[in-house]
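Hi there,

Here is the structure I promised to pass on to you.

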Amino acid sequence: MQRFQSYINGEFLDGEARFQSIDPATGDVWADMPEAREADVDSAVNAAERALYEGPWARLTATQRGKLLYKLADLVAANAQKLAELETHDTGKIIRETSAQIAYVADYYRYYAGIADKIEGSYLPIDKPDMDVWLRREPIGVVAMVVPWNSQLFLSAVKIGPALAAGCTMVVKASEDGPAPLLEFARLVHEAGFPAGVVNILTGFGPSCGAALARHPKVAHIAFTGGPETARHIVRNSAENLASTSLELGGKSPFIVFADADLESAANAQVAGIFAATGQSCVAGSRLIVERSVKDAFLSILKRKAEAIRIGAPLDMATEVGPLATKRQQDHVAALVEKSVGSGARLVVGGQRPDADGYYFPPTILDCDGVASPSLTEEFFGPVLSVVSFETEAEALKLANDTRYGLASGVFTQNLTRAHRLMKGIRAGVVWVNTYRAVSPIAPFGGFGLSGHGREGGIAAALDYTRTKTIWLRTSDDPIPDPFVMR
Ligand code: NAD
């Protein structure tokens with residue numbers, strides 16, 4: 001059995017307790033993990049605070065911070081295959097995706113390495129002749145980062161990269177489900193030469209570890225990715241330390257297909273949007289909104305593609321859909337499909353959990369036209385697509401916006417003016433037109449409504465890890481005039 005450690009103050013430690021990690025492809029225990037609770041969280045946050053104000057990190061120039069980030073990027077690239085195998089083993093996410101995604105994670109670190117010495121302050125054209133006034137941009141402080149089990153290296157890179165560029169120090173809490181790749185990544189942080197305490201990585205359970213981190217008095221900002229219910233706990237806890245928050249939450253993203261779209265290409269994008277990563281993607285295009293005149297034609301293409309998907313062992317390069325990450329997730333998906341069918345949704349394909357070891361669930365399509373199916377409003381985080389149809393563009397937009405989430409969306413049409421109207425009308429943080437599930441370190445990402453607030457990616461994300469300090473310098477040698485009047 002593989003054994004992992006947490007990384008606190010530059011040291012690899014066994015944790016306050018231990019727990020076991022299960023391989024979702026087999027249901028068997030495969031690794032032994034360190035469990036952090038309140039005491040480990042406290043020493044990690046204290047180490048981060050010392051590193052922020054007292055350690056060598058505080059004295060590094062921004063360019064030196066950037067060089068460390070470049071080194072980290074190179075190490076991630078060099079170790080991508082090993083990290084990918086660990087992620088696949090621990091979460092069931094297919095190796096085909098983890099190996100490509102982690103190689104790309106290196107580019108996120110590279111992007112923020114370049115930004116480190118481009119975070120500038122400013123000089124203000126102040127309205128007083130004897131004053132010079134500047135804004136300095138300083139690191140926001142100790143950052144708590146809490147991530148879910150899907151794509152932990154990716155979801156942490158979009159936080160760690162900009163936070164390091166800004167000069168912050170941090171405690172990263174890996175999910176208790178599938179923490180192996182992030183705990184292994186700590187070895188690369190160490191090897192890159194970041195001073196002790198700058199990046200601390202641990203794992204543990206939500207109520208005992210995540211909550212202790214979110215309410216810790218020395219935490220200045222909480223960067224969270226996960227579900228909306230957990231986000232509410234985090235925000236309540238942040239009432240203790242008054243930390244700022246950025247929240248990347250779930251979605252029920254609309255995928256709109258007009259009759260004039262290239263249906264074959266749109267179907268490929270829909271497969272990417274709902275069956276890739278076994279649907280365990282926050283941006284899953286889980287609500288297909290299709291023009292009625294092409295509904296049958298589009299569903300028959302989708303059905304053919306869904307039935308041809310190769311389901312199998314996640315470590316096999318040929319596999320296209322692997323297991324879900326946990327038994328809990330498999331039960332949730334199966335129960336929501338059952339509830340939706342019970343409410344009148346019609347199964348087009350899939351729907352039955354296979355009689356196999358591991359937490360598999362097949363690609364599933366539910367025709368929900370005319371039905372108030374819970375599958376249209378609740379997030380599956382699994383390979384289940386719900387379908388409704390429309391007659392007019394206005395109806396399509398209304399259906400698309402009929403959700404409290406607002407993370408992503410897709411529009412498939414050849415009509416340019418219509419595409420422009422929809423990209424303005426859709427209430428979501430990302431609109432993909434004639435494509436889906438594309439990301440880049442250069443492009444901001446984040447949601448509206450229940451999908452959260454704050455943006456990851458892009459230059460502004462690094463600025464979000466800074467706070468400004470206003471410096472006033474009086475340039476006159478004359479004595480200060482009337483001290484009883486505010487100047
Ligand atoms: P989750 O909310 O259950 O857990 C996420 C993290 O929060 C875990 O590390 C967990 O231990 C921790 N946590 C749990 N309770 C806590 C508490 N009381 N205080 C502090 N931390 C706590 O999410 P999940 O089920 O692991 O992941 C799936 C969810 O994540 C889905 O809703 C999905 O859409 C969302 N997600 C969003 C994005 C995005 O970028 N918007 C990306 C991936 C996943």
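Predicted model: local features only at pLDDT ≥ 70, side-chain atom pairs only at ≥ 80, totals over all residues.

Seven strands make up an open sheet with mixed pairing, and their order is β15-β16-β17-β14-β13-β18-β19. The edge positions belong to β15 (346-349) and β19 (432-433); each has a single partner strand, so one side of each is left without a neighbour in the sheet. As a reminder, strands of a sheet pair through backbone hydrogen bonds, either parallel or antiparallel.

Strand β13 runs parallel to β14, with four bridges between them, and Phe255 has Leu288 of β14 as its bridge partner. Strands β16 (residues 364-367) and β17 (residues 384-390) are also joined in the parallel sense, over four bridges. There, Ile365 is partnered with Leu385 in β17.

**What covers it**

Which residues of β13 are buried on its two sides? Pro254 and Ile256 are buried on one side, and Phe255 and Val257 are buried on the other, so both faces of this strand are covered. Helix α10 (residues 263-274) lies across β13 (254-257), β14 (287-291), β17 and β18 (410-412), and runs at about 170 degrees to β13. Helix α11 (residues 295-308) lies across β13, β14, β15, β16 and β17, with an angle of about 140 degrees to β14.

**Two other spots**

Met1 sits in the segment before β1 (2-3). Its relative accessibility is 66%, which is why Met1 counts as exposed, the cut-off being over 50%. Together with Ile22 and Val29, Met1 forms a nonpolar surface patch with about 290 Å² of accessible area.

Gly121 is found in the loop that links α5 (95-115) to β6 (122-124). Is Gly121 exposed or only partly exposed? With a relative accessibility of 45%, Gly121 counts as partly exposed. Apart from neighbours within four places in sequence, Gly121 is in contact with Leu135 and Arg137.

Happy browsing, and do write back with any questions.

Best wishes

How values were computed
Residues numbered from 1 in each chain as written. Heavy atoms only, no water. Buried < 20%, exposed > 50% of the residue type's maximum accessible area, 1.4 Å probe, protein only. Contact = heavy atoms within 4.5 Å. Patch = residues over 30% accessible without salt bridge, like charges linked within 9 Å, V, L, I, M, F, W, Y side chains within 5 Å. Areas by Shrake-Rupley, 256 points an atom, 1.4 Å probe, with all protein chains shown as cover. Salt bridge = Lys/Arg side-chain N within 4 Å of Asp/Glu carboxyl O. Pairing = 2+ DSSP bridges. Axes fitted to C-alpha atoms, helices over the stretch in contact; angles between N-to-C directions.
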